[in-house]
Amino acid sequence: MTEIPKKLLYRYTFPIRWSDMDALGHVNNARYFTFMEQARIEWLDSLGMKLEGEEGPVLVKAECNYLLPIVYPATVTVDTYVGKPGRSSVPFTHDIYDAHQPEKIYAHGHVTMVWVNYHMGKSLPLPDLWRQHFDA
């Protein structure tokens, strides 16, 4: 299988909270999506981009391949990569792993975002402000 080209955009490291755990003693599977979302938000914040106004990105697809459970206490890193953007969409890949043992990979996530006009509900071309960060 051919590797899809991707570019590292951002690395986000944070401690797992006790409240991230579920009754089975590991991080709840839904939290992985929150971790990926927060990594994208941290990336936008680092660029000074604000998501305000009548247009912006919406999540149209999200998936996660779980490899190992995360158990408290742990410090986790989420690497956010971008793939080849389309006219209005952009794919992101997230690698979630132990910050102190990078070979300990917890999960791989994949999401697709589409730039839309919120009021019209229609896709728009990705703005240059976003696109400039995706070019290798």
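Reply: Just after α1, Gly48 takes a positive phi of about 75°. Helices here are DSSP runs of H or I with at least four residues, strands are runs of E with at least two, and both are numbered from the N terminus. This is a predicted model, where local features need pLDDT of at least 70, side-chain atom pairs count only at pLDDT 80 or more, and totals for chains, interfaces and linings use all residues. Residues are numbered from 1 along each chain as its sequence is written, and side-chain values use heavy atoms, leaving out hydrogens and water.

Me: What caps the N-terminal end of α1?

Reply: Asn28 does, with a side-chain oxygen 2.8 Å from the backbone nitrogen of Ala30.

Me: Which residues of α1 are buried?

Reply: Tyr32, Phe35, Met36, Ala39, Arg40, Trp43 and Leu44. Buried means under 20% relative accessible area, exposed over 50%, and partly exposed in between, with a 1.4 Å probe and protein chains only.

Me: OK, Met36. What does it touch?

Reply: Not counting residues up to four places away in sequence, Met36 touches Glu63, Cys64, His94, Ile96 and Gly109. Contact means heavy atoms within 4.5 Å. Met36 has a relative accessible area of 1%.

Me: Switching to His94: where does it lie?

Reply: His94 lies in strand β4, residues 89–98. His94 counts as buried because its relative accessibility is 0%.

Me: Which side chain does the side chain of His94 make a polar contact with?

Reply: That of Arg40, at 3.1 Å. A polar contact is a pair of N or O atoms within 3.5 Å; within protein, one must be able to donate a hydrogen and the other to accept it, and residues adjacent in sequence count only if both atoms are side-chain atoms.
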